Structure formats: structure tokens, C-alpha cells
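Please look over the sequence and the structure shown here before reading on.

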Amino acid sequence: MGDAFRRAESGTQLLARLEGRSGLKSLEPYLFAEEGSPVHGDVIEFHGPEGTGKTEMLYHLIARCIIPKSGGGLEVEVMFIDTDYHFDMLRLVTILENRLAQRTEDMIKQCLGRLFLVNCNSSTQLLLTLYSLENMFCIHPSLCLLIIDSISAFYWIDRSNGGESLTLQERNLKKCANFLEKLVSEHHLALFATTQTLMQKSANSAESFFPSKLPHETDTDYRPYLCKAWQQMVTHRVFFSKQCNSGNSKRFTVTSCHLKRNHVVKRSFSIAECGVQF
Amino acid sequence: MVVLRAGLCPGLTEEMIQLLRANSIQTVVDFVSSDLEDIAQKCSLSYKALVAVRRVLLAQFSAFPANGADLYEEIKSSTAILPTGSPSLDQLLDSGLYTGEVTELMGAPGSGKTQVCLGIAATVSLSLKQHILFLDSTGGFTASRLHQMLRAEEEEEQLEALQRIQVVRVFDIYEMLRALQELRERLCQQVVSSMEPLKIVVIDSVSAVIYPLLGGKQSEGLAIMMQLARELKTLAREFSLAVVVTNQVTRDSSTGPPKPALGRSWSFVPSTRVLLASKEVTLEKATTQRIASLAKSPRQAVGIQVELDIGSGDVTPTERL
């Protein structure tokens, strides 16, 4: 079905697409457990309770992408799907102003021209929007980062709409996950999605529906609740938490896990006017 | 789930729908996610026609991406910062209440949430001459207190200011959702014909209508709460309103720090959160001093504290923004 919509690529478009891909390795090395991440095809999940810096980290990644190469950025385009109406444009502009050497309006507009934003109101609309965005990825070859904030936003509403049947409850998200997998592999994207810690971890892990096999899951307050199709797609999981220090400076911790290779790394960062600082 | 029916979009005829239904394609999602070449063969329909219908359906039901630069222009021109009536609270909120966002005031009973809400209503009505919608779910709204806050003004101005504040008493979640629906209809009309501007909605309190729904193993309560959250955020964003809600506090243990009530799912909803607490005094008598601290903010560092006096509440007109 994709072939009917994909136009023939010109040589320059192909080069632009491939250049954009290799550049992602320098996106944010502190965030990943292994060197050389992320690569196209990676699906990275940001998980954590509220106020732990997930959205700020996304602004940081967006800024790294849309700032031109002359300013130290990657100069690639980003597609941001906002399901929570949480995106704060003014905050992103403040971060850009702090990071750019020339803070002119034109420069900011040029950077923002590389960002595309969509708001989705329901999981059905999210699914249909993903279908319609497929065309955009064909037209914009330098669009190589897809961000969804957050993919768990419709969880309770879907669960209530699905009634008693788990299959019905998860139907939309499963379709979204399957289509996202297709999009990510066909168009060579990297996908970042945030999920919220909506539930407390059950005290007795034998009771939990999905038994945790990986070591990192026992430390952090992680209880998987999204559908299996999504969980199997994720290649990296990054847990966010606040550091409870006695000092005044607010620091946050990221625990980054590479799921296939089982590497775990812990790093800390703080949030300043110019965004995330490691 | 939108079901396919004739006339949903041009090109979708009744015979087409019957043929599709015979192949178990009933909703828009089914149609969009199926392989059109396959369908064209099975239903013996024209592939071109199917592609055209698909394109129109997607344009109708999916969200349209906006470019960052255009969105920035729009937000610059439509965002306003509203004063709360208390300069120290304004300072805490980075010059005031931002439109397009949900701000939460949380505090124990008696910490001054309703007083601050009344102060906001009085200030916005008096100095900015704008309309306010006040949804009262606790019965704590008293017009006489508002009148007292405005007593420094001339009588005519007092009357006008009070007339601009619309109070709706809602005592359960469905009444609240209905009031918000009416607000939405009114704002849609306002966009078309420039009627009186409304820039702020104050909800005191949101926990009073949601508490009865939570608890137990059913998730319907949480689903309705998230629907309310979604409605508030969409209203704030689409019509550039500042939405102020008040909430209770709970603690994890008797000595733990206060956290907002209504659970984890609600905690993601507001962009800014302010904790109101009484100032600890050595004397036994009640005081009108309160301490407001910033618990969550998209712009400022968390933990800033300011002192408020909710007693005098004389609203002095601030400069127009």
C-alpha cells in the first residue's frame, strides 16, 4: 500500500535522507547506554512520574535537531505528536534563544520551520493521523525523528470504552503500535515516546500481570500496562526520576536500558534556563 | 469509531458501502487500514475511487500538522498573562496566569484557595474588564466577599465588575461537563461575532466533583476524570483561556510532603501547580497570612515561596497588560 504513495526519490533526496540518519548518533550520547545510539529503527520510551523532566528532555532533543549545523545542531526535521496539549512553544523558544549564538527572530523562525506539530484528541484520531502522516515522511526526506508525547494519554479512556474485553480495550493502541513499527522501519525514523507512570508497582511481583525479567525493572517504579505490541517494539527504555537530595539544586536521574543487550546506565541531569544540562 | 455511511464524504455511495460491509469493513478505521488493492479486487470497485475516498476520509478525520514557525506566530499573538491580584503570587507564577494552560492551586481546607480564586475573579473583572466564568462545586462562592474586595471602587464600577463574573453552581461531574460544553458553544459564537471577551475560567474545586468517582476497581471514574482533564486542556489551548482549578492535598504518610489529591493520572494534567499553606505562627489565633510555594512550573525553578495575605484582599487595579 505504501508503494502507491511513495514517489520516486531523486538522488539528492536519497542523500539528504541518509545524511540525516547517520547524524542521529550525536543526538544525545548521555541518554543512551551504548555508543552509537540512536540509530534509525530505534524506538525509545521515556517513562516516569510527573515532574521528572521527560518533556524537558524532549525539548532538549528537539533543540538539538532543529538548530542548524552552523549552530552546533543536526539540522534535521522533527515531527511532534502531542496527545496531552502539553507542548509549550514559548519554553522551546526560550531554550533556542539560550542555545543559539544569533538570537534573531529570523533564526528562531528558521529553526522552528523544521518542527511539525500535531494534536490528537483520541486514540482513533491518533491512528488516523499516523496514516495521514505517512505521506509527510515521503515528502520530507530530512524528517527523521518522530516524537509522541505521550502515548499513554488515552489509556483510561480506552480502557473504559473497551468494557470488559482486554482485546477491545487495547485495540486502538495495538493498531497504532503496529503501524508505528511499519513507519519507523520503512522511513528509517527514530521514535521517542513518553509514557506516564499511572500505576503503582504492585508490592508482590508474582501478582503482576507481566512478570519483570529484567534487572532494571526491579529497581525502578515501573509497572508495564500498555499493550504487548507496544512493549515488544521498544528497543530502549529510559526511566526518569527526581533525586531526593538535601541540597537545593534540583537534579534528576535517568536510568537508560538497552533492552536487547541488557545494558543499564544511570546518569543525572539538571534543568536550567537553557534546558537540560548533563 | 465512526461508521461508514453514505454521504460521509463525496464519492462514498450506498452500493460501495454495502460491498465494503460484505467484506467486514464497517468503520473509517477499517477502511483506512486495509489494503486498497485487495479491496478493489474483492469488491470489484475502482481502485482510483477507493484511493480518492481514503484521501478525503483521512483529511476529514485526522489531525493536520502545523509548522512550528506558524504556530509560534499564533501563540505570540494570542497568549496573554492575566494578573491574579496579588503581586507576590504574580511573581511566583512568572508574572501571572498564562492563557493556554491549566494552573492548579492545591491546599488543605482553610488554606485560602477560594479566597485566591475570588481575588483573581475580582482583579480580572475590574482591571482588565474581561468576563470570567466561575464554576463553584463547593458552595464556597460568596458574592458579599467579592463585593468587599471591590469596595474601594465607585459603585457603578463595582456593579459592572460584578456583572462580568458569571457563576455556575455545579455539584457533580456531569453538570460540570455540561457547563463546559455550554462554554465551548458560547466561545465558538464569540469567535464568529466579537462578543464580550472571556479569557479565564476558575473551577473551585475540581476534587469535589471527582472524589465520588474514584476508588474501587472500576476504571470508569478515571476515564471520566481524564475526559474532564482533556476538555479543560482543549478549551485552554483552542480558545486561549487561562484555566484555574483548585484541588485538595494528601500525604503519603503522616510526615510526608503534601502532594496533590486525585492521584497520579491527574498529576500530569496541570502545567503549573501552587501549594497554599498556612504560615506557622506560635500564637493560637487564626491569621490571614499564607505561604504559596511553586510545586510545578514549565518556566521557573520549583520551590520558590512567597507570602500572601488573603485577608485584606483589597483589589487595587494593576496596569493593563
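What volume does the largest cavity have?

## The largest cavity

In this predicted model the largest cavity has a volume of about 180 Å³, and the structure holds four cavities of 30 Å³ or more. A cavity is a set of points, on a 1 Å grid over the protein atoms alone, where a 1.4 Å probe fits but cannot get out, and its lining residues have an atom within 4 Å of a point. The volume is the space filled by probe spheres set on the points.

The largest cavity is lined by 17 residues, with A:D84, A:A153, B:M226, B:R230 and B:V269 nearest its centre. Two or more lining residues come from each of α7 (155–161) of chain A and α12 (220–238) of chain B, and α12(B) gives the largest share, four residues.

## Helix α4 of chain B

Helix α4 (residues 47–61) of chain B, a DSSP run of H or I with at least four residues, has 15 residues and reaches 21 Å from its first C-alpha to its last. Its buried residues (under 20% relative accessible area, 1.4 Å probe, protein chains only) are B:L50, B:V51, B:V53, B:R54, B:L57 and B:L58. Seen down the axis of α4(B), these buried residues fall within an arc of 165°, taken from the directions from the axis to the C-beta atoms, so they line one face of the helix. On the other side of α4(B), B:K48, B:R55 and B:A59 are exposed, that is, over 50%.

## Basis of the values

Residues are numbered from 1 along each chain as its sequence is written, and chains are lettered from A in the order in which they are written. Local features need pLDDT of at least 70, side-chain atom pairs count only at pLDDT 80 or more, totals for chains, interfaces and linings use all residues, and side-chain values use heavy atoms, with hydrogens and water left out.

Methods. 1 Å grid on protein atoms, 1.4 Å probe; cavity = no way out; pocket = protein on both sides within 12 Å on 5 of 7 lines; lining within 4 Å. Expected span 1.5 Å × (residues − 1).
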